[in-house]
Amino acid sequence: MGWLWAIIVGFVLGLLAKAIIPGKQHSPLWLTTIFGIIGAIVGNAIARGIGIAETSGIDWGRHALQLVAAIVIVFLGDMLYTAMRGNRQRA
């Protein structure tokens, strides 16, 4: 069940990140989901590093860090995807 939750959370985080980033992103949905999963992992690592990974109740700080990490990763990943796709079309 852990992988299923990772995919669901990655999908939601990726879509939220795409909605927050201004402009149009060109990466496909499967890649956005992978970026979201990576964002969740990075956000968890940062939360663990600053000591807010496990709290009682809802971990709002951890979730905020996951979303911020997903925004950054979706933004940079989409730029890289667009650049690579552009180079492939020129060749």
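Which residues of α1 are buried? The close-ups below start there, and every view comes from a predicted model.

**View 1. Helix α1 and its buried residues.** Here's the answer: Gly10, Leu13, Gly14 and Ala17 are the buried residues of α1. Look down the axis of α1 and these buried residues fall within an arc of 105°, so they line one face of the helix. Now check the other side of α1, where you'll find Trp5 and Ala19, both exposed.

**View 2. Helix α1 from end to end.** This helix covers residues 2-20, which makes 19 residues.

**View 3. Leu31 in helix α2.** Helix α2 takes in residues 29-50, and Leu31 is part of it. Is Leu31 buried or exposed? Its relative accessible area is 13%, and buried means under 20%, so Leu31 counts as buried. Find Val12 too: 19 residues separate Leu31 and Val12 in sequence, and their C-alpha atoms sit 13 Å apart in space.

**View 4. Asp78, a buried residue with no salt bridge.** Asp78 belongs to helix α3, which runs over residues 60-90. What is the nearest side chain of opposite charge to Asp78? That's Lys18, 5.9 Å away.

**View 5. The contacts of Asp78.** Skip its neighbours within four places in sequence, and Asp78 still touches Lys24, Gln25, His26, Ser27, Phe35 and Ile73.

Notes:
Residues are numbered from 1 along each chain as its sequence is written. This is a predicted model: local features need pLDDT of at least 70, side-chain atom pairs count only at pLDDT 80 or more; totals for chains, interfaces and linings use all residues. Side-chain values use heavy atoms; hydrogens and water are left out. Helices (H or I, at least four residues) and strands (E, at least two) are DSSP runs, numbered from the N terminus. Buried means under 20% relative accessible area, exposed over 50%, partly exposed in between (1.4 Å probe, protein chains only). Lys and Arg count as positive and Asp and Glu as negative; His and the chain ends are not counted. A salt bridge is a side-chain nitrogen of Lys or Arg within 4 Å of a carboxyl oxygen of Asp or Glu. Contact means heavy atoms within 4.5 Å. The expected span of a helix is 1.5 Å times one less than its number of residues. The arc is that of the directions from the helix axis to the C-beta atoms.
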